[in-house]
Amino acid sequence: MKHHHNPMLQTLLFALAIGLMTLQACTTPQTSSTNTTPDTRTHDVSSGDEQEVLTSLATGVSTLTLSGTMSIDGTMSLSGLPFLATMVERDSFRITMSGPMGITAARLFSTPSYFTLVNYFEQSVMDGNPASKELAEKLPFPISVPEIASLIRGEVPGSPARFTRQSARADGLILYRAGGEGGVEFALIDAQRRVLKQYQRKNAAGALLLNVTFDDIRSVNGRAIAHAVDVAVDEKRQSMQFRIDKAAVNEPVQDRLSVDIPASFRRTTFR
C-alpha cells in the first residue's frame, strides 16, 4: 500500500475519506471485528435471494447528517477531532474536520464526477476526478472515493453482482465474497434487516488492507444508525475510531454542500 510522504496531508486524506464511512446505516452490534472471516454455521437462505439481499441494502435513506468525533492511532495519534458529515441522495456529500479550538482544518466535497478537498492548515487544495488513478496512489488506504460513496449509502463497493454468497451463520448473518487477481473482498450482511455489518478487503497474499465494523446501533427516524465505527488499514498498522454524537435521517439539508476554494491556496487537480 502506498503512503503519501506529507504526514498532515496523509492524516487529512485518511480521516476525511475513511471518515465518510461513519455515514453507513446498519443494525445490531457487530459480532466479529477481527482479521479473520466469520466462522460458518448452518442457517441457509435461498440462493435465489443472494443478489436481492445485496441490491436492497440501505434503501429509504435520502439524506443523512452526522456529527461526532474521530480518533486516530498509528503513524500519527490524535483523539477527539470533531467532524460533521452530510449526504444528499446519490448526488453529493461533504465532511468537515475541525482542529484545535474548533478551527476548521479541512473540508471534502464530492459528487460522482468531481471532488474538492481543502486543507486550510496548509492552504492547499486537491480537486478533480474522484476516480483518478493518480489520486488513488496518494490515498493512504486501498479504496477510491467512489467506493467510499457506496459505503456511505450502506452498499457494497462496485457492482453487487461481483459478490457470491459463501456461508450463512446461525445468528442470521451472511458472508459474501468477491475476488480477483488483485485480492479479495468480504461483506457480512444481516439478511433479515438488509444491512451491511462489516466490509473487509485483503490483497492477493491475504494481508488485511481494510476492515470496517459497526456498533452501538440506535434508531433514528425509523432507520438504524451505527454510532460507533472502527476502521483499520494496512494490517491494522493504522486505525480510526468514530463516535457519533448526533444523527439526522431524511431531514431537509439547508446548507450548500459545495466548498469555496480560496484563490490564494495552492491547487492540485486530478484528471
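**View 1. Three aromatic pairs are counted in this predicted model, and one of them joins Phe83 and Phe242.** Rings of Phe, Tyr and Trp (its six-membered ring) pair if their centres lie within 6.5 Å; planes under 30 degrees apart count as stacked, over 60 as edge-to-face and the rest as tilted. The ring centres of Phe83 and Phe242 lie 5.8 Å apart with planes at 90°, so the pair is edge-to-face. Phe83 belongs to strand E2 (residues 78–88) and Phe242 to strand E13 (residues 238–249), 159 residues apart. Strands are DSSP runs (E, at least two residues), numbered from the N terminus. Both Phe83 and Phe242 are buried, that is, under 20% relative accessible area with a 1.4 Å probe and protein chains only.

**View 2. Asp127 lies in strand E6 (residues 124–128).** Asp127 counts as buried because its relative accessibility is 2%. Its side chain makes a polar contact of 2.8 Å with that of Thr269; such a contact is a pair of N or O atoms within 3.5 Å, where within protein one must be able to donate a hydrogen and the other to accept it, and residues adjacent in sequence count only if both atoms are side-chain atoms. Leaving out residues up to four places away in sequence, Asp127 touches residues including Tyr114, Ile261 and Arg267 (heavy atoms within 4.5 Å).

**View 3. Ser124 is also placed in strand E6.** With 11% relative accessibility, Ser124 counts as buried. The C-alpha atoms of Ser124 and Arg267 are 5.8 Å apart, although 143 residues separate the two along the chain.

**Notes.** Residues are numbered from 1 along each chain as its sequence is written, and side-chain values use heavy atoms, with hydrogens and water left out. In this predicted model, local features need pLDDT of at least 70, side-chain atom pairs count only at pLDDT 80 or more, and totals for chains, interfaces and linings use all residues.

Technical notes:
Helix = DSSP H or I, 4+ residues; strand = E, 2+ residues; numbered from the N terminus. Buried < 20%, exposed > 50% of the residue type's maximum accessible area, 1.4 Å probe, protein only.
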